[in-house]
Amino acid sequence: MENCSPKNIVVISDPLFLKHNPGPTHIESPRRLEVIYERIEKPDIKDLYVNIAPRPANIEELLWNHSQDYIETIAQSKGKDIVQFDPDTYAGAYSWDAAINAVGACFNCLDKLITNQFRAGFALVRPPGHHAEYSKARGFCLFNNIALAAHYAINKLGAQRILIVDFDLHHGNGTQWSFYNSSNVLYFSTHQFPYYPGTGSLDEIGEGEGEGFTVNIPLFRGVRDEDMANIYEQILMPIAYSYNPDFILVSAGFDIYVDDPLGGFQISLNGFSIIANYLFDISKHTCPGRLFFVLEGGYNLYGLSEGVATIIKEIGLGQRDKIFDAELSLSPSVSILDTISEVKKIYSNYWKF
Ligand SMILES: [Zn+2]
């Protein structure tokens, strides 16, 4: 990390992403990004990152993860007032442009990270992506930004092993199915379960070459910071070290925040520092500088903007060397301990704990 510039993180924020408007009463509103963009201008973090421009992904790139017909369907929404794709997923006149630039924003971040000049990247974009499937818009998502980022890292940057960590409240069904048969991408998700979108049970572990490379941690409501710390310590860390990824891509969903209107978790801002520090620590030991976050959900505007700021600050300042004995010493709830031991049992055929 000696060559790190004082601006440690590469960020993409662009007014274009405010123009995706899924309707005046939709909870996934442009206001979500406005509060984040206002927050990252504040003096405690504005010197920690450099802002770069996005670019539109092209059709050939979108085809890595989506069908031709589906891409054309989304393209046809361009310029129209409002088009509905599923019960909660809509596009407005500028949504196509925002969506292809959200994907291209991920690509531009990865291009910067591959130069080893930064500790991490963060694409502060919308629409979100992890529910988008091969030919289906779902859960506010049009194109699967993080899945396409993984394809880009493999197809264009020579990566062979991608670790995707999805800490959004919801399971990333789209991302899981994209790589369900592949060992080139290890998908790790913590999520409220049973809950939308319905996938992410302990039975879903990958298939064929991908068996053991989908790791789902389904969790009841009420998950706290110390629960997450123990899951990362006891499950994510050993798997990640053994997998030894070339890139770590993170679906960063802030709907795990305690006051989120859609979620039942109780993660505080300190919980986001715990998550950031674990991920930063794992990246330092496996793929320094190749740690990339993309925004997914988060609907409490305070938790969302402060959550993003917390991650930028923790990684950008990099002051904490060691992790969270305090949180680890707090006992996780009984149900979390049960889940941890069940996950270890299921995955002991594939990973050492
Ligand atoms: Zn979510």
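Predicted model: local features only at pLDDT ≥ 70, side-chain atom pairs only at ≥ 80, totals over all residues.
Biologist: In what order do the strands of the open sheet come?
Modeller: The order is S2-S1-S5-S10-S9-S6-S7-S8, eight strands in an open sheet with parallel pairing.

Biologist: Which strands are at the edges?
Modeller: Strand S2 (49-51) and strand S8 (214-219) are the edge strands, and each pairs on one side only. From one strand to the next, the twist averages 15°.

Biologist: How many bridges are there between S1 and S5?
Modeller: Four bridges connect strand S1 (residues 9-12) with strand S5 (residues 120-123), in the parallel sense. Within that pairing, Val10 has Gly121 of S5 as its bridge partner.

Biologist: And how many join S6 to S7?
Modeller: S6 and S7 run parallel and are joined by five bridges. Opposite Leu186 in S7 stands Leu163.

Biologist: Staying with S7, how many of its residues are buried?
Modeller: Eight of the eight residues in strand S7 (residues 185-192) are buried, so the strand is mostly covered; buried here means under 20% relative accessible area.

Biologist: Which residues of S7 point one way, and which the other?
Modeller: Val185, Tyr187, Ser189 and His191 point one way, while Leu186, Phe188, Thr190 and Gln192 point the other way. The residues of both sets are all buried.

Biologist: Changing topic, what sense of pairing do S3 and S4 have?
Modeller: Strand S3 (residues 82-86) pairs with strand S4 (residues 89-92) in the antiparallel sense, over four bridges. The two strands form a hairpin, with two residues between them. Gln84 has Tyr90 in S4 as its bridge partner.

Biologist: Now the helices: which strands does H8 lie across?
Modeller: H8 lies across strand S6 (162-166), strand S9 (247-252) and strand S10 (291-295), and runs at about 165° to S9.

Biologist: And which strands does H9 lie across?
Modeller: H9 lies across S1, S2, S5 and S10, and its direction is at about 170° to S10.

Biologist: At what angle do the axes of H8 and H9 cross?
Modeller: The axes of helix H8 (residues 269-286) and helix H9 (residues 301-317) cross at roughly 35° and come within 9 Å. The crossing of H8 past H9 is right-handed.

Biologist: Which residues meet there?
Modeller: From H8 there are Leu269, Phe272, Ser273, Ala276, Asn277 and Phe280. They meet Tyr302, Gly303, Glu306, Gly307, Thr310, Ile311, Glu314 and Ile315 in H9. By class, seven residues of this contact are nonpolar, five are polar and two are charged.

Biologist: Which residues of H5 are buried?
Modeller: In helix H5 (residues 145-157), the buried residues are Asn145, Ile146, Ala147, Leu148, Ala149, Ala150, His151, Tyr152 and Ala153.

Biologist: Is Cys141 buried or exposed?
Modeller: Cys141 is buried, with a relative accessible area of 1%. Cys287 is also buried, and its relative accessible area is 5%.

Terms used: Residues numbered from 1 in each chain as written. Heavy atoms only, no water. Buried < 20%, exposed > 50% of the residue type's maximum accessible area, 1.4 Å probe, protein only. Axes fitted to C-alpha atoms, helices over the stretch in contact; angles between N-to-C directions. Left-handed = near helix turned anticlockwise from the far one by under 90°. Contact = heavy atoms within 4.5 Å. Nonpolar A, V, L, I, M, F, W, Y, C, P; charged D, E, K, R; others polar. Pairing = 2+ DSSP bridges.
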